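Hello,

Here is the structure for you to look over.

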Amino acid sequence: MAMHNLVQALVCVAVFFNTLAPTVANVEGAALYALRRSVKDPKNVLKSWDPTLVDPCTWFHVTCDADNRVTRLDLGNAKLKGRLVPELGKLERLQYLELYMNNLKGSIPEEIGGLKSLVSLDLYNNNLTGSIPASLSKLSNLNFLDVSNNNLCGTIPTTGSFSKFSEESFKNNSRLEGPELMGFVRYDTGRCK
């Protein structure tokens, strides 16, 4: 009887570990597919993004690590039209988010500030509006940021990771002010739409 219980326990552990990886892949695949649904894709660059596949690592423009976790999204100059989605914040190991030279509109999702592994955020030359999420300043690994040539507004923060970036990262956003002066100008998103 004890041997039978041990075998059952081992089978349960094996099933748990075999289902864990696809679950993570499914969460990441669902996050990427949410982006696909929110954009128009005139060049058909997202054609391979099939939600019925368990693993998004087989999709074009997606790079994964050895654990099949998404680390890079390369969709620069893809002519995508639409909005960024908060689900991108579920790509926990994402290091490079390259979405420059598209026709993305709306705000930068606050959830992107939860991507602790993010090294590069390249959103230049879109039609993004709203303020720069304060959550982005918490990304200690962020070494490259380019939100130039958008329609962002509010105040450029200087705290956290933003202390590394020059004005070049923010140029050609006529409604963007700053940089924020520590203690003198509040980071105010209330008037910025």
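Helices and strands here are DSSP runs, numbered from the N terminus, with a helix needing at least four residues and a strand at least two. The model is predicted, so please read everything below as computed.

**Overall layout**

The protein has one helix and eleven strands. The chain has 193 residues, and 39% of them count as buried. The exposed surface comes to about 10,500 Å². Carbon and sulfur atoms supply 55% of that area. I also looked at contacts between residues at least 6 apart in sequence. Of these, 49% join residues at least 24 apart.

**The helix and A31**

Helix α1 covers residues 2–38, and A31 lies in it. Is A31 buried or exposed? A31 is buried, because its relative accessible area is 1% and the cut-off for buried is under 20%. Which residues does A31 touch, beyond those up to four places away in sequence? They are V85, E87, K90 and L91. G89 is 58 residues from A31 in sequence. In space, their C-alpha atoms are 8.1 Å apart.

**The loop between β1 and β2**

Two residues of this loop are worth a look. L46 is found there, between β1 (39–40) and β2. T52 sits in the loop between β1 and β2 too.

Start with L46. Its relative accessible area is 1%, so L46 counts as buried. Setting aside neighbours within four places in sequence, L46 is in contact with R36, V39, D41, L75 and L80. A78 is 32 residues from L46 along the chain, and their C-alpha atoms are separated by 9.2 Å.

Now T52. With a relative accessible area of 66%, T52 is exposed, because exposed means over 50%. The C-alpha atoms of T52 and G29 are separated by 9.3 Å. Along the chain, that pair is 23 residues apart.

**The disulfide**

How many disulfides does the structure hold? It holds one. A disulfide is a covalent bond between the sulfur atoms of two cysteines. In this model, C57 and C64 form it. Their sulfur atoms are 2.0 Å apart. The link of C57 and C64 is left-handed, with -95° about the S-S bond. C57 has a relative accessible area of 21%, so C57 is partly exposed.

Most residues other than glycine have a negative phi. N68 has a positive phi, near 60°. N149 has a positive phi too, of about 60°, although it is not a glycine.

Where are they? N68 is in the loop between β2 (62–64) and β3 (70–74). N149 is in the loop between β9 (144–146) and β10 (151–155). N68 is partly exposed, with a relative accessible area of 37%. N149 is partly exposed as well, at 27%.

**Strand β9 and L145**

L145 lies in strand β9. Its relative accessibility is 2%, so L145 counts as buried. Which residues does L145 touch, not counting those up to four places away in sequence? L121, F162, F165, S169 and F170. K164 is 19 residues from L145 in sequence. Their C-alpha atoms are 9.3 Å apart in space.

**The largest pocket**

How much space lies in the largest pocket? About 180 Å³. The largest pocket is lined by 14 residues. The closest to its centre are I156, S166, E167, F170 and P179. F170 is also one of the residues that L145 touches. By type, the lining of the largest pocket divides into seven nonpolar, four polar and three charged residues.

**Where to look**

- A31 in helix α1, with its contacts V85, E87, K90 and L91.
- The disulfide of C57 and C64.
- N68 and its positive phi, then N149 and its own.
- L145 in strand β9, then the largest pocket, with F170 among the residues closest to its centre.

Best wishes

Conventions:
Residues are numbered from 1 along each chain as its sequence is written. This is a predicted model: local features need pLDDT of at least 70, side-chain atom pairs count only at pLDDT 80 or more; totals for chains, interfaces and linings use all residues. Side-chain values use heavy atoms; hydrogens and water are left out. Buried means under 20% relative accessible area, exposed over 50%, partly exposed in between (1.4 Å probe, protein chains only). Contact means heavy atoms within 4.5 Å. Accessible areas come from the Shrake-Rupley method with a 1.4 Å probe; for residues, only the protein chains shown count as cover. A disulfide is a pair of cysteine sulfur atoms within 2.5 Å. On a 1 Å grid over the protein atoms alone, a cavity is a set of points where a 1.4 Å probe fits but cannot get out, and a pocket is an open set with protein on both sides within 12 Å along at least five of seven lines; lining residues have an atom within 4 Å of a point. Grid points are joined across faces, edges and corners, and a volume is the space filled by probe spheres set on the points. Ala, Val, Leu, Ile, Met, Phe, Trp, Tyr, Cys and Pro count as nonpolar, Asp, Glu, Lys and Arg as charged, and the others, Gly among them, as polar.
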